[in-house]
Amino acid sequence: MNTSDTRRILLVEDDANIREAVAAYLEREGYWVMPVEDGQQALDEFSKHAFDLIVLDLMLPKISGERVCRTIRDTSDVPIIMLTAKGEVEDRIIGLELGADDYLVKPFSPRELVARVRALLRRTQLENEPQREVLEFGDLVIDVSGHKVLVKGEEIDLTASEFKLLTTLARYPGRVYSRMELVEKVLGYDFEGYERTIDSHVKNLRAKLGDNPRKPKWLHTVHGVGYRFEATE
């Protein structure tokens with residue numbers, strides 16, 4: 001039964017066996033699931049309903065997962081977990097560069113997907129905070145409690161993971177975080193091999209903030225270690 005506080009998930013997967021298994025696991029955890037089998041259905045349902053999270057296969061009939069992700073990101077920052085059958089590292093991060101928050105490579109355990117869904121929803125849920133937290137660094141203003149980022153007064157659209165990464169770094173200017181530390185703090189879990197996801201998120205952040213990696217104002221690379229935030233004008 002769908003109630004007002006039930007998290008709504010759009011599940012986009014063309015393989016009927018995977019779709020049914022994942023839907024069953026998610027529903028068992030108390031989520032309301034809308035399963036669809038192609039990209040056109042995904043966009044149709046997205047236009048009609050408000051979803052809290054999307055599980056999106058990369059290889060889809062009618063409209064590809066890449067195009068679906070890009071279309072959704074034009075209007076929404078809803079959390080997206082991308083599913084892909086490709087195992088190469090470069091292929092895995094395609095979804096992240098399109099704006100997905102996380103990815104899973106097939107074959108995967110439905111239990112792991114449920115854990116990822118739970119972690120992503122938990123960190124994107126905005127809690128009522130009694131005090132407003134605003135971080136200001138010249139042209140860059142991060143309204144943490146309002147979940148907004150402004151550059152020169154213009155609001156910048158960030159995904160949930162990008163916002164979490166930026167606030168994690170900006171709360172402690174000058175501190176160097178390793179990639180694995182950021183994986184754990186931003187993605188909510190600690191798995192080997194996911195350091196490249198942080199590189200992808202940093203790349204997207206720099207592009208959206210207008211931060212030149214060769215002469216950064218805010219996001220600095222510490223070669224061989226990770227990243228630090230430091231406001232330089």
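Before any helix angles come up, here is what they refer to: an axis is a line fitted to C-alpha atoms, for helices over the stretch in contact, and angles run from 0 to 180 degrees between N-to-C directions. One more thing to keep in mind is that this is a predicted model.

With that in hand, go to helix α7 (residues 160–170) and helix α8 (residues 179–187). The axes of α7 and α8 come within 9 Å of each other, and they cross at roughly 120°. Perpendicular would need 65 to 115 degrees and roughly antiparallel over 145, so α7 counts as oblique to α8. As for handedness, the α7 and α8 crossing is right-handed. Which residues actually meet there? From α7 come Ser 161, Lys 164, Leu 165, Thr 168 and Leu 169, while α8 brings Leu 182, Lys 185, Val 186 and Leu 187. Sorted by class, this contact between α7 and α8 has five nonpolar, two polar and two charged residues.

Four strands make up an open sheet, ordered β6-β7-β8-β9, with antiparallel pairing. If you want a pair to click on, Ile 142 stands opposite Val 149 in β8.

Next, the parallel sheet. Five strands form another open sheet in the order β2-β1-β3-β4-β5, and the pairing is parallel. Its edge strands are β2 (32–36) and β5 (102–105), each of which pairs on one side only. The twist from one strand to the next averages 15°. Five bridges link β1 (residues 8–12) to β2 in the parallel sense, and Leu 11 has Pro 35 in β2 as its bridge partner.

Helices lie across this sheet too. Helix α1 (residues 16–28) lies across β1 and β2 and runs at about 170° to β2. Helix α6 (residues 110–124) lies across β1, β3 (53–57), β4 and β5, running at about 155° to β4.

Stay with β4 for a moment, and zoom in on Thr 84, which is found in this strand (residues 80–84). Is Thr 84 buried or exposed? Its relative accessibility is 2%, and the cut-off for buried is under 20%, so Thr 84 counts as buried. Leaving aside residues up to four places away in sequence, Thr 84 touches Leu 58, Leu 104, Val 105 and Lys 106.

Strands β11 (residues 219–222) and β12 (residues 226–229) run antiparallel and are joined by four bridges. Leu 219 stands opposite Phe 229 in β12. Three residues lie between the two strands of the hairpin, and Gly 224 takes a positive phi near 80°.

How values were computed
Residues numbered from 1 in each chain as written. Predicted model: local features only at pLDDT ≥ 70, side-chain atom pairs only at ≥ 80, totals over all residues. Heavy atoms only, no water. Pairing = 2+ DSSP bridges. Contact = heavy atoms within 4.5 Å. Parallel < 35°, antiparallel > 145°, perpendicular 65-115°, else oblique. Left-handed = near helix turned anticlockwise from the far one by under 90°. Nonpolar A, V, L, I, M, F, W, Y, C, P; charged D, E, K, R; others polar. Buried < 20%, exposed > 50% of the residue type's maximum accessible area, 1.4 Å probe, protein only.
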